[in-house]
Structures are given as structure tokens and as C-alpha cells.
Amino acid sequence: MPQSIDIACGFLGGTIFSVEGGYRVLQHPRPERRFDRIADARWFLAITWCDRWDTPAGILTHDGRLSFQNQAALALGETLFLPLEHRRAVFDGSLTLNHWETGDYLIPQRPNQPSHGLEILGIEIDPRYGRVALIRIKDGSLA
């Protein structure tokens, strides 16, 4: 019997659709992979969003932690990518953005380290935990 799709939605360049017993992501490398909750499918797409960039990118939570960083961010170093003293301001800036609006933040030059610009996108992945900030270094801003 063919499966019917009750819900389909776009999220961060991906497509989530409901199936019996959960949700699937059209772009998942294993098409049979089923997520129990839509928030889990959104987390997968948020991680995929970070991984698609050649520049450092990550997911910043309300408590100032990077819950995910792509390979470029790991290679640069977590505190060079997003210094601890700027995390609260970056996250607070994400709260002022409208739904799917991007914002900018400048990490000023520090001794022996160049300045760089961040692009910030504040989104809700899981309503139980509130908003997160997707951040990435803007192309060409790390000199």
C-alpha cells in the first residue's frame, strides 16, 4: 500500500515529511531513516546546514555552548571561531531577528588574531529548548 504524506515542510534547504510513525528528511543519505520527532529531523537539517559551508559554522545554544561545529570550525578552533566573551552577545542578537532573517556580528581583532564577521540566523529547532543561533564566518572575512 502506498504511503500518504500528511505533512511536508521545508526547513534550512531540506524537506521534512510525515510518514507512519514519524518523519523523514528527503535529503537524508539513508532514505529509509525515520525520525521519531520533527525536532530530530530539524536537528539533522541544522547540522547539514553547518556542514555544507567551507567556512567555520556551528549551532550556538542559549547557554553559550556550541552544540555542533563543522570541520572548518574544528580546524580553526572553537574559541577563535567564536570567542567565549562574544557568545552572549551573538546569541542575544539572534533573538532580535525576525523568523528566517539573518544578522551580522563582528568579532574584533585581538592580539595575533584577525577580526572576522559572522552571519547569524536565529531559529527554533525544538520548542522544548527555545531558539538556537546558527552562525558561520562570512566568506572572505577571516584574513
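Before looking at any sheet, I noted that two strands count as paired if DSSP finds at least two bridges between them. Helices (H or I, at least four residues) and strands (E, at least two) are DSSP runs, numbered from the N terminus.

I also wrote down that this is a predicted model, in which local features need pLDDT of at least 70, side-chain atom pairs count only at pLDDT 80 or more, and totals for chains, interfaces and linings use all residues. Residues are numbered from 1 along each chain as its sequence is written, and side-chain values use heavy atoms, with hydrogens and water left out.

**Entry one: the three-stranded sheet**

I found an open sheet of three strands in the order E1-E2-E3, with antiparallel pairing. Strand E1 (8-11) and strand E3 (22-25) stand at the edges with a single partner strand each, so one side of each has no neighbour in the sheet.

I then followed E1 into strand E2 (residues 14-19): four bridges join these antiparallel strands. Gly-10 has Thr-15 in E2 as its bridge partner, and Ala-8 has Phe-17. E1 and E2 form a hairpin with two residues between them, and Leu-12 in the turn has a positive phi of about 50°.

Which helix packs on this sheet? I found helix H1 (residues 38-51), which touches E1, E2 and E3. Contact here means heavy atoms within 4.5 Å.

**Entry two: the five-stranded sheet**

Next I looked up an open sheet of five strands, ordered E5-E4-E8-E7-E6 and paired antiparallel. Its edge strands are E5 (66-69) and E6 (102-107), each pairing on one side only.

E6 pairs with strand E7 (residues 116-126) over six bridges, in the antiparallel sense. Thr-102 has Leu-121 in E7 as its bridge partner. Helix H4 (residues 87-95) packs on this sheet and touches strand E4 (57-60), E5, E6, E7 and strand E8 (130-137).

Buried means under 20% relative accessible area (1.4 Å probe, protein chains only).

The largest nonpolar core has 18 residues, and those with the most contacts inside it are Phe-11, Leu-12, Ile-16, Ile-123 and Leu-134. E3, H1, E4, E7 and E8 each give two or more residues to this core, and the largest share, five residues, comes from H1. Apart from it I found another core, of 14 residues, including Leu-60 and Ile-135.

Technical notes:
Axes are lines fitted to C-alpha atoms, for helices over the stretch in contact, and angles run from 0 to 180 degrees between N-to-C directions. A nonpolar core is a set of buried Ala, Val, Leu, Ile, Met, Phe, Trp, Tyr and Cys residues joined through side-chain atoms within 4.5 Å. Buried means under 20% relative accessible area, exposed over 50%, partly exposed in between (1.4 Å probe, protein chains only).
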